[in-house]
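Trainee: Could we go through this model together, beginning with the sheet and then moving on to the helices?

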Amino acid sequence: MNSMTGYGYKEAIDGSSEISVEFRSVNSRFLDLSVNIPGFMNPLELDIRKRICEKVTRGKLDMTIRLHDSSSDATVTADTKAAVRYRDEIAKVATALGKSADDIPLSLIIAQEGVLNVSHSYDPELYWKKVEPVFEDAFAQYLASREREGGKLKEDLLSKLDTLDSCAASLREFQPEMESRFREIITAKFKELVGDRIDENKILEETAAMLIKYTVNEEIVRLSSHLEALRHEIDTNPLPGKRIDFFCQEANREVNTIGSKNQFAKISQIVVTAKDALENIREQAKNVE
């Protein structure tokens with residue numbers, strides 16, 4: 001089990017190249033992957049995405065590659081026509097302000113966009129050979145952080161699931177007591193109405209009717225089945241996030257039905273405990289891949 005929250009960072013120097021790679025992710029319903037790389041590496045983006053998607057299926061993930069090479073070949077070209085146009089227009093502004101066009105500094109002209117253009121010659125495949133080991137180390141750190149956090153989430157989920165199993169067991173144990181309590185309630189009402197002239201068969205009929213109306217045995221069986229399936233998903237499915245939410249919905253439906261049929265304070269307490277545990281599991285499932 002992995003958490004959707006993770007972080008990994010690695011930096012290295014390879015000759016004249018300074019390289020850093022960072023992975024950072026938070027929760028998301030689906031995989032929302034943002035790949036931030038130098039422009040000259042754009043031809044490699046699809047391959048980088050494929051590598052990441054092989055290991056990550058959910059979460060909002062930002063991956064950034066930074067690269068600076070002090071020895072890269074740079075070609076500088078000047079657009080003299082643009083420089084002249086800038087000079088002429090700036091001179092008009094200077095004249096309007098009562099200044100001399102001769103006072104316009106060369107640095108101002110050169111600083112204008114498009115006057116000097118710098119281009120670098122990069123071989124993306126060559127640089128990827130330098131970036132790849134840094135990428136793999138940062139990615140491994142990131143995956144390990146998600147796995148560590150996922151282990152903590154799994155412990156918490158199983159703890160809440162133990163609470164739910166205990167609630168289901170308590171409900172099963174209460175079933176025989178429920179029949180006895182219904183019989184006591186009905187007997188007391190008959191005595192109040194007719195005194196000692198109690199019709200035993202009538203009491204049995206009324207008890208059976210109440211049991212049919214209020215028994216929660218079927219709901220308990222279905223609840224136990226959902227909890228068993230939920231534990232199986234947590235224990236065996238490496239990507240259980242969405243399945244956890246599904247089984248929690250099904251289990252919550254049975255708990256709500258039990259609560260609506262309930263006539264006893266003891267069951268009310270069990271239902272509250274079960275709903276609280278289910279809500280905690282559903283919240284934690286939002287962090288699980």
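**The sheet and the helices**

Mentor: An open sheet is built from 4 strands in the order β1-β2-β4-β3, and its pairing is mixed; strands here are DSSP runs of E with at least two residues, helices are runs of H or I with at least four residues, both numbered from the N terminus, and two strands pair if DSSP finds at least two bridges between them. This is a predicted model, in which local features need pLDDT of at least 70 and side-chain atom pairs count only at pLDDT 80 or more, whereas totals for chains, interfaces and linings use all residues. Residues are numbered from 1 along each chain as its sequence is written, and side-chain values use heavy atoms, with hydrogens and water left out.

Trainee: Is β2 mostly covered or mostly open?

Mentor: Mostly covered, since 7 of its 10 residues are buried, where buried means under 20% relative accessible area, exposed means over 50% and partly exposed lies in between, with a 1.4 Å probe and protein chains only.

Trainee: Switching topic, why does the span of α2 agree with its residue count?

Mentor: Helix α2 (residues 80-96) has 17 residues, so at 1.5 Å a residue it should span 24 Å, and its end C-alpha atoms are 24 Å apart, which agrees; the expected span is 1.5 Å times one less than the number of residues.

Trainee: Which residues of α2 are buried, and what do they pack against?

Mentor: Ala82, Ala83, Ile90, Ala91 and Ala94 are buried, and the buried residues of α2 pack against α3 (106-110), with contact meaning heavy atoms within 4.5 Å.

Trainee: What follows α2?

Mentor: Gly98 follows, and its phi is positive, near 80 degrees.

Trainee: Last one, how many residues are in the largest nonpolar core?

Mentor: It has 31 residues, and those with the most contacts inside it are Leu164, Leu223, Leu230, Ile244 and Ile258; such a core is a set of buried Ala, Val, Leu, Ile, Met, Phe, Trp, Tyr and Cys residues joined through side-chain atoms within 4.5 Å. The elements giving two or more residues to this core are α4 (124-194), α6 (217-236), α7 (241-261) and α8 (265-285).
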